[in-house]
Amino acid sequence: MEHQEDIDGIKIDRSHDLYSSSTFSFPKCAPLPLPSPTVPCNMIAWSCSDPELQSHEYIKSHFLILLQKYSNSFVAYKYTDKLRYYTLIMFYFLSRSIKLITDIMLCTFKRLRFQAVMISGSRECIDYLQLMSCRGRMLRAGRNLVRLSSRGYRPAKGQFGWLPEPPKSAWTPQGEMSGETAQRVHLVNAFRRFGYLEAELDPLGLAKTRDMPELAPETYGLKSGAAVNEKHSVDDLVDQLRSIYCGPLAIEFMHIANWEERDWLARNFENTISTELRNEERVKLAKTMIRVENFDHFLATKFATVKRYGCEGAEAMFGFFSELFDSAPEKGIDQMMLCIAHRGRLNLLTELMQFPTVQMFRKMRGKPEFPSDVQGSGDVLSHLTSSFDHSTPDGSVHITMLPNPSHLEAINPVAMGKARARARTIEKGDYSTERDSRVGDGVLCVQVHGDGAFSGQGVVWETLALSQAPHFRTGGSIHLVTNNQVAFTAEGHIGRSTTHCTDIAKAIDCPVIHVNGDNPEEVVAATRLAIDYRNKFRKDVFVNLICFRRWGHNELDDPSFTQPIMYKSIESRRSVPTEYSERLVEEGVLTTEEIESEKKAHTEKLLEAFRAIESTPPVANHLSGHWSGMVQAPKSVERWDTGVDLDLLRFVGAASVQTKDGFNVHPHLKKTHVDARLAKLTSGEGIDWATAEALAVGSLLSEGVDVRFSGQDVGRGTFCHRHAMLVDQETDECFVPFNSMHDGQKAFYEVANNLLSEEAILGFEYGYSLDSPRRLCVWEAQFGDFFNGAQIMIDTFVASAEGKWLTQSGLTMLLPHGFDGAGPEHSSCRMERFLQLCDSREDQIPVDGENVNIRIANPTTSAQYFHLLRRQVVPNYRKPLVVVGPKILLRHPQAASSLAEFAPGTSFQNVISEKKDAAKVDKVIFVSGKHWIAVDKARKEKGLEEKVAIVRVESLSPFPVADLQSTLKQYPNAKSYVWSQEEPRNAGAWSFVNPRFENTVGIKLKYAGRRELAWTATAIGQFHSEENEEVIRETFE
């Protein structure tokens, strides 16, 4: 037909008068415009059919209006008179999509029976929507679509660190089903849903088997013995279903909302059951477990009093690890981040992860873990780690086991954070520029848990909640739960309120594969299914390895005190490797001689390492790979030039508020944020806190350093000051100006608004900071004292990790602080807790250097903040930084700086003193933080500017001894020295600075501040004012 054209496979009827309309010109043979990497294009097919509608003029007129309004929309329209059937096909840019959909619904739904099907598009638009004829239902569905499509403050394609997912396939039921067939389908689905509850999962045979009435065919009206077909009966069907879903390998997946996933899991699980390992694979598995068991026996002989937390009873876990490591290259995994607690850790390190056995034996002998020239003390045996390349015929994968503290499950978000950071390093997944990339490409996070901790630790849920969250997801972790059926002494009925310890996985819509630990081959099968599921759907998947613990919590513990029946059963049975290898001997796959030969060769290898304990020196491999060129921080105090060329600062400052054409900035922000910032950059004066931060971020980006800010409301800022991401007031589109500074930009600014979590989020950001020193990683608490929800991460990672494991981190924590009447939970960042965690010596012998474990600063000007941020990246070593952040200083004129204070040659000042006639000063007031403004105001009111000097201590750790000594020399006639703070006496910096002033500066400080309090601050305005007045009165007494 001469009036038909094929555009990208779509038949377009051009005979209708719409195409000849004077208001619209259809491009002849126009190719479908391809979406650019940063500007997505979506396609929706809209269809409507209304037998009562006599004319299509209504829809025509409204759509012509839309076409005129949205010039970047590509539309094809088709009308068939016989069927009164209308089809509208739209290709539109995402930036216009919300308004476009809204207008279509408002114009059309009231009159037409309408159907919309998403053909392709972003995740924010629904994949499939069918609108029925009722007008009310159509309007409700329309409102729901607009609500789902709204991208307010959400990441989308084109925003750094977020790769939109491909559309999920829609499924529509087709065909008919007889009543008898439906009964059988109900039975099949019952086994798929409940079969695991009758599965043979307990290797000890102690668990009570549940009788599920849902698995009885009579429940669905099926009679026992009734024929299913010519050869099989209902009983045969039940037996087959029971063998698949109720054996030593079982699965939970029917809770998953997505039909495609359920269908895939059913098909692949049923295929998995019928797949057997090749004989060579079985022999390899048996020999691996033999060596693992032999290692435990060797340690029991040579190191009888050492707590080794062996894997006796859980040796089948090595079927999981071996299969996972070997399959990774075939699945496109280049990097693997692994976290595991103590159970079986030593076996895994020596057997599969190339950890030097002699170094482990040295550790067991109590010898130093690190060379004498390395600053670090080491950690307990069960926290050793390894990083190595694992090669297979399909390629290689780099596998890293992260060091972990004894706080169970705390390592989980750290592993996720490092996995995501590694994806950024290799530019895969969410950080890829390839059009066919998917989140999770190239990097896999593997988390190994214990059953009791997995059920009991809150950080587990916080971490799982991140699994699909923007800017945190890793494309799905593979979880292995080493289920001992007892946690220390707490059995399952004590340690949880659910049937299985893995039931929490259902909350994030993920499958759980249960496997009996007595069946190593089933463990391999479960692992293969888990890998394939994760590879296809990029979601978390859980393998629940139900096993036992031959000894107590450790080898020196007697578990029969609390679990006598369980341990009678354990003592009466043989080991898993023994039973499996003997089964292979009976089948003729393996011989007894081969087993003994394997044990002998392995024992000789262990003995060789044992004999070398005394002659082998310790090693430290902490500054290699991405950290090559870095050093441990020196013991001296250093000053680094962190200033930047002023022209570059003006450029990045302007870039921080630039927007693309047509972007609708909020009018208030246009005036107070965009225009105000440009004016400050032009004048070079009044650079406020947010502008200084933007200058630090932009200058680092220009130097090729990635910057990541994470926190609750971090994009806008809790105090509405940052506005690192702007939101279009018409479309809800988010835009991060810094990511469009110039063509060919290499470094980017990832702004990660996160869920309301502290522990998992801080752990994640800490892990992110470990991957590369060429990043600035910042976590901002909504209010300073909210960090206490993450105290475990601070104690066991941030403050102590380098000393224990030599792992450096430049993580920066911004903790808003200030006593302004906001009450107990919104005033203090409890700096005293961080000061207590410092390894700064009270006598300052030796004086603090750059090698303190954690830096703590309380800056009072925007320039000081700028230099602090840049200083986290400029040196050739990394230290965590705690910034006692401001609230009122964010906009206070006395905290603003001139642009000259950011210039080359400038740096962070540990102490800020005043330039005045020093001979007249008889009193020196030392303060830290924004309290100096209140003190300065009172000094002016009292007319004491000449007699009283105010010294601001900006750096608390390292303690600035030399700077304080030189500052005091400026005031030779001073007779009185006061430490003034707004915090209570048992809080703030007083307890930290007082002995250090006396021991190193040689002066006795008088305290002026609030009295000791059990809480941080009052919430009563009257009391707050009275306390402020008392602090000022004591300061000037």
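A residue is called buried when its relative accessible area is under 20%, exposed when it is over 50%, and partly exposed in between, as found with a 1.4 Å probe on the protein chains only. Helices (H or I, at least four residues) and strands (E, at least two) are DSSP runs, numbered from the N terminus. The model is predicted, so that local features need pLDDT of at least 70 and side-chain atom pairs count only at pLDDT 80 or more, while totals for chains, interfaces and linings use all residues. Residues are numbered from 1 along each chain as its sequence is written, and side-chain values use heavy atoms, with hydrogens and water left out.

Helix 8 (residues 317-327) is largely enclosed by the rest of the structure, because ten of its eleven residues are buried. Among these buried residues are Phe320, Phe321, Glu323, Leu324 and Phe325. Phe361, when its neighbours within four places in sequence are left aside, is in contact (heavy atoms within 4.5 Å) with Phe295, Phe298, Leu299, Phe303, Leu606, Ala609, Phe610 and Ile613.

Strand 12 (residues 442-450) is also mostly covered, with eight of its nine residues buried. Two strands pair if DSSP finds at least two bridges between them. Strand 12 runs parallel to strand 9 (residues 333-339), to which six bridges join it, and Ile333 stands opposite Gly442. Strand 12 also pairs in the parallel sense with strand 13 (residues 477-483), over six bridges, and here His449 has Val481 as its bridge partner.

What space does the second largest pocket hold? A pocket is an open set of points on a 1 Å grid over the protein atoms alone, where a 1.4 Å probe fits, with protein on both sides within 12 Å along at least five of seven lines, and its lining residues have an atom within 4 Å of a point. The volume, which is the space filled by probe spheres set on the points, is about 1000 Å³ for the second largest pocket. Of its 37 lining residues, Thr385, Ser386, Ser387, Asn621 and His622 are the closest to its centre. Elements that give two or more residues to this lining include helix 10 (357-364), strand 10 (386-392) and helix 11 (411-425).

The backbone has some details to note as well. Most residues other than glycine have a negative phi, and most peptide bonds are trans. Gln485, in the loop between strand 13 and strand 14 (486-487), has a positive phi near 70°, and Gln485 counts as buried at 19% relative accessibility. Leu806 is not a glycine either, yet has a positive phi of about 70°; Leu806 counts as buried at 3% relative accessibility. The peptide bond from Ile845 to Pro846 is cis, with omega near 0°, and so is the one from Ser957 to Pro958.
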